[in-house]
Amino acid sequence: MTTSKASQPLSVGTKQPSSTSTPSNPNPNPNPYKEEKFVYEFGGPIGAFFTVLALPPLVLALTYFASIGRITLNISDIYANSFSHDWDTFYKCFWGLLGWFSYQVVLERFLPCELVQGAILLTTTHTITNTKDKKLTYRINGHLAFWVTMLTTFCCFPAYDEKLERWQLGMAPLHLLYKYYGDLALAAIAWCTILAVFLYIKSFSSKPDVILAAGGNSGKHIYDFYMGRELNPRPSSSSSSSSPSPSSLCSFFSNFDWKEFCELRPGLIGWVILNMSFVVTQQQNLGYVSGSMILINMFQGIYVWDALYQEKAILTTMDITTDGFGFMLVFGDMAWVPFTYSLQARYLVDHDPNLSVFALLAILFTNFVGYSIFRGANSQKDAFRRDPNGEGVKHLQYLQTKRGTRLLTSGYWGLARKINYTGDWIMGLSWCLVCGVGSIVPYFYAIYFCILLIHRSERDDHMCHVKYGDDWITYKKTVPYRFIPGVV
């Protein structure tokens, strides 16, 4: 969210701002992350290589596990049953997926939008570092695109009626998404790989103003491919602050931001559509929709809606300001998120636990607690960033840093440095609980997300220590707990 969702397999799912600070200096140190020695993450080039190899089969295996309701280590069984092995089916799924992606691009380009400037970026090009501060301008209309997509899917999907021999508008054939779930996952993997290769090649463009990501410019090809070499790839990197002009096709798409678009549009909205296909299928199979299926769709639908409603908040996140747009984020946004975050709904189609009303209410309360912490913490931080003297946040205490920013030390952020992560994980746990305790498969998300948030918090801690120096040490003494007040 703001988070949702979503995005790299080892650093996706929560799109949170990378610190709890608010800028009071409009021109901070333009290179806060510069270090004397390049620091590798995720196991360096070797780790990146094996991660790129492992993630596609892992996604396919997880979709298969959700369908059978258990984990199997029979490799031949997983390979034989995780997708259809029919090239015609794959071909249709792949082009259908590209059609979905293109539709979301059209909505992003043509729907009314708010033009919003992002955070100041470190300007590192092929030949020059730190020449000037740079901000990019983004088209913010994800919330509207979400509702237009819902309207199209459930009311205005075009279909040809052979009996009447005419085109009609109605509900999309969502049951097909359930039927070809594994093939769609395979198509998404293929598309993500193609796009990641294209973006990596594009990062070597001769254009002098291509902004490179500090963490994806190691010189090791497989590592840079995984991390993302270019920070914010656009068809024309120089178009950073103006609305697209329809005078030509090229100029109209010149400021299309691949990363910001993919972070919230195709994968997150696709996740909701996949979930709804499982609702339709369960109703067809059982004659009703279970309480667990209703809750998982409500929980995750609100989660995605919240991310798109709060779209502007993503512009200050680590994913946008720091990480390059490579295989890690591309795969995370459009393969990992829709096809692993939807595991619970897929599992419930064939393995619903028929939970009692009391159990469902307890899970509903758990989700409410998590969402309240998550949204309350993020809203408080965002309000403080916009106006530290605002009525709702002027009472908050903070640490004034030497670089001119303020770190919150009271309110939600006085409880723990990553209190928003705690709320996010509690919400994720409630998603798993709706599936009962009959299988470990639906709990993959809670286990993975716990590891993700711990790793992400360590990345953020390192970057903030480089960024703030001794002030960060002082801040950690003032707010000693990372996730749970008084515990850890």
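Mentor: Let's start with what an axis is: a line fitted to C-alpha atoms, for helices over the stretch in contact, with angles running from 0 to 180 degrees between N-to-C directions. Two packed helices are described by the angle between their axes and the distance between the axes. Keep in mind that this is a predicted model.

Now look at helix 17, residues 419-433, and helix 18, residues 444-468. Their axes come within 9 Å and cross at roughly 170°. Angles over 145 degrees count as roughly antiparallel, and helix 17 and helix 18 are therefore roughly antiparallel to each other. Who makes the contact? From helix 17 it's Tyr421, Asp424, Trp425, Gly428, Leu429, Trp431 and Cys432. Helix 18 answers with Tyr445, Ala446, Phe449, Cys450, Leu453, Arg456 and Ser457. Sort the residues in this contact by class and you get 10 nonpolar, 2 polar and 2 charged.

You'll have spotted cysteines there, so which bonds do they form? A disulfide is a covalent bond between the sulfur atoms of two cysteines. To count here, the two sulfurs must be within 2.5 Å, and by that rule the model has 0 disulfides. Cys432, from our helix contact, holds the closest cysteine sulfur to that of Cys435, but the gap is 7.1 Å, too far for a bond. Cys435 has a relative accessible area of 1%, so Cys435 is buried.

Setting aside neighbours within four places in sequence, Gly142 is in contact with Arg265, Leu308 and Glu311. Gly142 and Trp305 are 163 residues apart in sequence, yet their C-alpha atoms are 9.3 Å apart in space.

Apart from residues up to four places away in sequence, Ala145 touches Gln104, Leu107, Leu111 and Arg265. Take Leu107: Leu107 and Ala145 are 38 residues apart along the chain, and 5.9 Å apart from C-alpha to C-alpha. And notice Arg265, which is in contact with Gly142 and with Ala145.

Terms used
Residues are numbered from 1 along each chain as its sequence is written. This is a predicted model: local features need pLDDT of at least 70, side-chain atom pairs count only at pLDDT 80 or more; totals for chains, interfaces and linings use all residues. Side-chain values use heavy atoms; hydrogens and water are left out. Buried means under 20% relative accessible area, exposed over 50%, partly exposed in between (1.4 Å probe, protein chains only). Helices (H or I, at least four residues) and strands (E, at least two) are DSSP runs, numbered from the N terminus. Angles under 35 degrees count as roughly parallel, over 145 as roughly antiparallel, 65 to 115 as roughly perpendicular and the rest as oblique. Contact means heavy atoms within 4.5 Å. Ala, Val, Leu, Ile, Met, Phe, Trp, Tyr, Cys and Pro count as nonpolar, Asp, Glu, Lys and Arg as charged, and the others, Gly among them, as polar.
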